[in-house]
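Subject: Structure handover, with notes on pockets and annotated sites

Hi there,

Here is the structure I promised to pass on to you.

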Amino acid sequence: MLIGRICRLGAAGRSCFTLSYFSSSAVIMAKSKFEYVRSFETDDTCLKNCYIVVRLDGRNFHRFAEQHQFKKPNDDRALGLMSRSARSVMEELEDIIISYGQSDEFSFVFKRSSNWFKRRASKLMTHVASQFSSSYVFYWKEFFGEQPLLYPPSFDGRVVLYPTNRNLRDYLSWRQADCHINNLYNTVFWTLVQKGGLTTTQAEDRLKGTLASDKNEILFSEFNINYNNEPVLHRKGTALIWEKREETVSKRMKLPNEEEKEVPVTRSRRRVEAFHCDIIGEQFWEEHPDVLEDDAC
């Protein structure tokens with residue numbers, strides 16, 4: 001684009017204005033001989049009428065947790081930071097209808113009708129990953145106070161499509177079942193180490209081949225711990241969804257024939273709310289029927 005400046009002298013004095021125009025050479029440059037390289041790009045448009053799930057996993061988070069002295073088996077500060085970062089992603093990308101997280105992973109579900117980034121998988125995944133990672137760093141002090149962040153965390157991601165509500169619910173059920181399996185193991189493992197005096201190798205050997213019932217029995221009979229009484233956040237993970245909430249705020253208004261005064265105003269707003277509950281059964285979905293789109297659509 002070329003910019004020119006034209007001035008003229010009139011009765012009212014000297015006046016100038018700017019003229020912008022495109023030259024033919026600029027247009028030619030936009031269609032240069034190098035543009036053929038775009039043909040190497042892969043078409044990664046996600047299939048229509050499918051839920052798009054972007055799942056993030058912490059990369060080398062065992063080392064990251066050790067370096068930052070996370071509490072075992074669960075550090076509520078770290079779990080809170082993960083949820084806060086996920087909330088940031090949902091507030092940025094409002095087509096995400098639900099997200100579910102546990103440990104160092106979070107899954108984000110875009111509604112079937114979403115057309116964000118023209119449904120390009122690479123765009124969706126990189127945007128979610130970058131927003132989540134930057135939020136993790138940004139909100140670190142809110143959860144860890146003056147404990148320094150020694151090095152930046154990183155998260156890898158993948159995109160998976162699910163065509164039906166049943167498919168999507170089974171995916172989320174799979175992730176929550178994984179939460180239960182891992183948390184039960186870690187709870188028993190670290191109880192054996194911290195309260196039972198075993199080394200990590202001894203605790204690992206003790207748990208080889210054990211079933212869930214065996215692990216529950218170890219906790220109850222040896223340490224008087226009922227696993228069902230452990231924090232639901234640790235056992236069930238975190239589900240984030242959009243909820244409408246009525247809120248009342250004060251607003252200064254001037255009514256007819258009256259002086260300006262504070263008047264309460266009630267309005268409805270969508271907010272991201274956290275739930276630590278079972279999402280495998282029917283109750284959660286019956287209480288929140290607007291989360292999923294109708295399969296008939």
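The notes below go from the overall chain to the pockets and then to a few residues.

First, the ground rules. This is a predicted model, in which local features need pLDDT of at least 70 and side-chain atom pairs count only at pLDDT 80 or more, while totals for chains, interfaces and linings use all residues. Residues are numbered from 1 along each chain as its sequence is written, and side-chain values use heavy atoms, with hydrogens and water left out.

**The chain as a whole**

The chain has 10 helices and 8 strands (DSSP runs numbered from the N terminus: helices are H or I with at least four residues, strands are E with at least two). Of its 297 residues, 36% are buried; here buried means under 20% relative accessible area, exposed over 50%, and partly exposed in between, with a 1.4 Å probe and protein chains only. Among contacts with a separation of 6 or more, 67% are between residues 24 or more positions apart (contact means heavy atoms within 4.5 Å).

The largest pocket has a volume of about 820 Å³. It is lined by 32 residues, and H62, P73, S103, D104 and N186 are the closest to its centre. For the terms: on a 1 Å grid over the protein atoms alone, a pocket is an open set of points where a 1.4 Å probe fits, with protein on both sides within 12 Å along at least five of seven lines, and lining residues have an atom within 4 Å of a point. Grid points are joined across faces, edges and corners, and the volume is the space filled by probe spheres set on the points.

Which elements each supply at least two residues of this lining? They are α2 (61-67), α3 (76-92), β4 (96-102), β5 (105-110), α6 (165-194) and α9 (232-236). Helix α6 gives the most, with 7 residues. By type, the lining of the largest pocket divides into 13 nonpolar, 12 polar and 7 charged residues (Ala, Val, Leu, Ile, Met, Phe, Trp, Tyr, Cys and Pro count as nonpolar, Asp, Glu, Lys and Arg as charged, and the others, Gly among them, as polar).

The second largest pocket has a volume of about 320 Å³. Its lining has 14 residues, with W242, E243, R270, D290 and V291 the closest to its centre. Strand β7 (residues 238-254) provides the largest share of that lining, 3 residues. The lining of the second largest pocket has 4 nonpolar, 2 polar and 8 charged residues.

**The annotated binding site**

An unreviewed UniProt entry places the feature "binding site" at D57, G58, R59, N60, F61, H62, S103 and D104. These residues span 48 residues in sequence, yet no two of their C-alpha atoms are more than 12.7 Å apart, so they gather at one spot. From this set, F61, H62, S103 and D104 are in the lining of the largest pocket. Please bear in mind that UniProt positions are in the numbering used here, feature names are shortened, and annotations may be inferred rather than shown by experiment.

D57 lies in strand β3 (residues 51-58) and is buried, with a relative accessible area of 14%. Leaving aside neighbours within four places in sequence, D57 is in contact with D104, E105, S154, F155, D156 and R158. The side chains of D57 and R55 are joined by a polar contact of 3.5 Å (a pair of N or O atoms within 3.5 Å; within protein, one must be able to donate a hydrogen and the other to accept it, and residues adjacent in sequence count only if both atoms are side-chain atoms).

G58 is also in strand β3 and is buried at 12% relative accessible area. Beyond four places in sequence, G58 touches D104, S154 and F155.

D104 sits in the loop between β4 and β5. Buried or partly exposed? At 22% relative accessibility, D104 counts as partly exposed. Not counting residues up to four places away, D104 touches L56, D57, G58, F61, M82 and F155.

**One more residue: S107**

S107 is in strand β5 and, at 0% relative accessibility, counts as buried. The side chains of S107 and Y171 make a polar contact of 2.6 Å. These two residues are 64 apart along the chain, and their C-alpha atoms are separated by 9.8 Å.

Best wishes
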